[in-house]
Each structure stands twice: as structure tokens, then as C-alpha cells.
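Here is a short briefing on one protein structure. Look at the sequence and the model, then read the points below.

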Amino acid sequence: WGLALDEPRCRMYWAEYGEKAIMRSHLDGGIAEMFIKLSSGPLSMWRSPDDDMLYWVQDNARIFRTSLVGDGKVIEEMLTRRSRDSSYDGQRWGIAIDSAMSPPEV
């Protein structure tokens, strides 16, 4: 469902919804491997060029991020299913990040 390019490292990342995983490979498609195993299927994703972070939304409506500098084992939850600021409790299919904010806002 989602695809993110990391051109400085010559890598691409994509969502494997059925496997509940984020995969990665070289930009030419070589050496494909599982980057992160998740508890729920990933949907959309985005790579921040400013801080080398990969953001994604899962089918449980949670939004996460991890550093592309590391091995993907440190995962930070950015937004839970029900936001404190809203009564919205629906599905999230896309992701938008305001990287001008510090820390970035989803």
C-alpha cells in the first residue's frame, strides 16, 4: 500500500499489509528484507528528509515512526487511535507530517 524512497542510502521501503511488516531493499530491488515486523498491517508511509525518520499509519489507526539511521527496533508511537484533541475514532488511510514543527506533528 505504501512506498517511501531513501535516496541518500539507496533504499526503498514498502508496506506488506498481509505480512504486517515494513520491507526494504536497494533501489534496484535487490536484497529485499523485512525491516520491521508490526502488530497490525501498515498502510501509508512517508520518509522525512530532514530527520531521517520513517513515518507510517497502521490499519488500527495508529501512527508510528522509526529512525532510518538505526535498525528499526526503536519505534515511537506518534498518535494513538483516539486523539486527546478529538472525538474522531475512524480509520486513517493516509499520513501528513508538518516537519516544520519541532517535534514534527502528524
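Buried means under 20% relative accessible area, exposed means over 50%, and partly exposed lies in between (1.4 Å probe, protein chains only). Ser 44 counts as buried because its relative accessibility is 18%. This is a predicted model, where local features need pLDDT of at least 70, side-chain atom pairs count only at pLDDT 80 or more, and totals for chains, interfaces and linings use all residues. Residues are numbered from 1 along each chain as its sequence is written, and side-chain values use heavy atoms, with hydrogens and water left out.

**Core**
- The largest nonpolar core has twelve residues, among them Ala 4, Tyr 13, Phe 35, Leu 38 and Trp 56.
- Strand E2 (11–16), strand E4 (33–37) and strand E6 each supply at least two residues of this core.
- Such a core is a set of buried Ala, Val, Leu, Ile, Met, Phe, Trp, Tyr and Cys residues joined through side-chain atoms within 4.5 Å.
- Strands (E, at least two residues) are DSSP runs, numbered from the N terminus.
- Beyond its neighbours within four places in sequence, Leu 38 contacts Lys 20, Ala 21, Ile 22, Trp 56 and Gln 58; contact means heavy atoms within 4.5 Å.

**Ser 44**
- Ser 44 sits in strand E5 (residues 42–48).
- Its C-alpha atom is separated by 7.6 Å from that of Gln 58, 14 residues apart along the chain.

**Asn 60**
- Asn 60 is in the loop between strand E6 (53–58) and strand E7 (63–67).
- Asn 60 counts as buried because its relative accessibility is 18%.
- The Asn 60 side chain reaches the backbone nitrogen of Arg 62 at 3.2 Å.

Terms used. Helices (H or I, at least four residues) and strands (E, at least two) are DSSP runs, numbered from the N terminus. A polar contact is a pair of N or O atoms within 3.5 Å; within protein, one must be able to donate a hydrogen and the other to accept it, and residues adjacent in sequence count only if both atoms are side-chain atoms.
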